[in-house]
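Trainee: Before we go through the terms used for this model, let me have it on screen.

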Amino acid sequence: MKLRLIFRFLAEYAMSLIWFINLDGKIIYANKTALDYLGVTVEQLGSQPWGWMPYIHPDDLEDAKETFKDLMNLKGHYEALARIRRHDGEYRWFKTTGGPVLGLNGECLGFVGSTIDIHDLKVTEDKLVKYAERLEESNKELEHFASIASHDLQEPLRKLLLFSDHLRRVEQDRLSLEGMEDLERIQRAVTRMQRLVNDLLDLSRVTRRRQPLQKVELNQIAREVITELSYAYPDIYDRVTLQGEMAIDAIASQMHQLLSQLLDNALKFHAPDQPSHVQINIAAENGNQCRITVMDDGIGILPEHFDKIFNAFVRLHSGTEYSGTGIGLALARKIVERHRGTLTVESILGQGSTFTGFLPIHQSSLEENDWGL
C-alpha cells in the first residue's frame, strides 16, 4: 500500500501529463499536472468517451484519431505529436508515449500515457528547418555565382589581357612612354582581378564541394608547395626550412592550398632588402592532433589585427607594398575549420609571425561540416 501511495504521489506531481483511459476511450485518471494544464476536473474530462479530443488542435486532430485507432486495434506501444490547448487558450506542442495496461490473465484493461511539453524544442526545430531551407537556397545562389564567376567574369578578363598584350606588341613603337605605362597598369589591374576571382572561387569551394578524405603526407605536400613557389621566390630553398613528417586524413587539394597560402604569406611580408626566413614544423601533439607551424622573421603583426587578418578582403598594407587579394588567410582558416581544426597566429611587430594550425590526424568524414557554419 505504501508503495502504491508513493507511485501515486510521483504521478500526481510529475512534470508530464499522466493519464489512463479505459477501452471505451474515457479518461479514468489524470494527474494534477494534466488537470491544471487543461483547467478541468477528472470528472469533466472523463464525462464522455474521447472527451479529451476537443483539447487537441484542429490541424492535429485527424492524426490523433488515426493514432488512437491504431492503438485500440494493435494494443501496443505508441508515440504521437500534437498541439494541446491550455486552460488560457494557448496551444503548445506535446509528445505522448504510452502503451496498454494488461491484467493478470494478459487481457487489456486500458491504456496509460505520459504527455511531455516539447513546445520550445519543436519551435526551435522548426526554425532550424526553415534556416536549413534558406541555407540551401543560399548555397544554390552561391553555386550560380560560382558558375558565373568561373565563366562569364573570366572571359572578358582573358580578352582584356589578350588585346592589351597584342596592343603592346604591335603598337609599342607608336605609343608614348606614358601610354606604355598606362597599358602596363591596365594589365596589372586585370591580372589582379583574375586572382581575386580565382581566390573567391577557392574560398567558396572549400565548404561547397564534398570531396573524399584520404591519407595525406603533409611533408610531401609542403615540398610540392615549395617547388611551385620557387618561380615567385627563386631563393626559396635558402629561405625555407622544413621539419617533421605526418600523414593525416584530409582533402589533399585543400592541404595544398593551406600550406601554399601560409608559406606565401610568410615569404611575402618582409622588410625591404631583408628577405624573411621561414621554418615549417609538422608534428603530432595530444594524441589525435597534428600541429603545423609556419614561423617567419618578417615584419610581424600588431595584436589588434590578429583576428582581422583571417577575414576576407582585409589588407593591412597597400597593394603597392605587398601584392595579394586579402583572401589568402581567410581561405587558410576556412580550410582548417572545414577539417575540424583551428588556426591561430602569434606575432611581434618587427620580429615575425607564427601561424599554428591543429588538425585531427584521424577522422572518418567531414559530413557534419557540410554547411560550413
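Trainee: Which residue is the bridge partner of phenylalanine 20 in E2?

Mentor: Tyrosine 29 is that partner. This is a predicted model, in which local features need pLDDT of at least 70 and side-chain atom pairs count only at pLDDT 80 or more, while totals for chains, interfaces and linings use all residues. Residues are numbered from 1 along each chain as its sequence is written, and side-chain values use heavy atoms, with hydrogens and water left out.

Trainee: What makes E1 and E2 a pair?

Mentor: Two strands pair if DSSP finds at least two bridges between them. Strand E1 (residues 17-21) and E2 have three bridges, in the antiparallel sense, so they meet the definition. Strands themselves are DSSP runs of at least two residues, helices (H or I) of at least four, numbered from the N terminus. E1 and E2 form a hairpin with five residues between them, and glycine 25 in the turn has a positive phi of about 85°.

Trainee: Why are E2 and E3 said to stand at the edges?

Mentor: The sheet is open, with five strands in the order E2-E1-E5-E4-E3 and antiparallel pairing. Strand E2 (27-30) and strand E3 (78-85) each have a single partner strand, so one side of each is left without a neighbour in the sheet.

Trainee: How many bridges join E4 to E5?

Mentor: Nine bridges join strand E4 (residues 91-102) to strand E5 (residues 108-117). In one of them, valine 101 has glycine 110 in E5 as its partner.

Trainee: Why is histidine 57 called buried?

Mentor: Its relative accessible area is 16%. Buried means under 20%, exposed over 50%, and partly exposed in between (1.4 Å probe, protein chains only), so histidine 57 counts as buried. Histidine 57 is found in the loop between helix H3 (42-45) and helix H4 (58-74). Leaving aside neighbours within four places in sequence, histidine 57 is in contact (heavy atoms within 4.5 Å) with Arg83 and Tyr91.

Trainee: Which residues of H9 meet H10?

Mentor: Gln254, Met255, Gln257, Leu258, Gln261, Leu262 and Asn265 do. On the H10 side, the residues include Leu331, Ala332 and Ile335.

Trainee: How confident is the predictor in the chain?

Mentor: On the pLDDT scale (confidence in each residue, from 0 to 100), the mean for the protein chain is 82, and 87% of its residues reach 70 or more. Over residues 368-373, pLDDT stays under 50.
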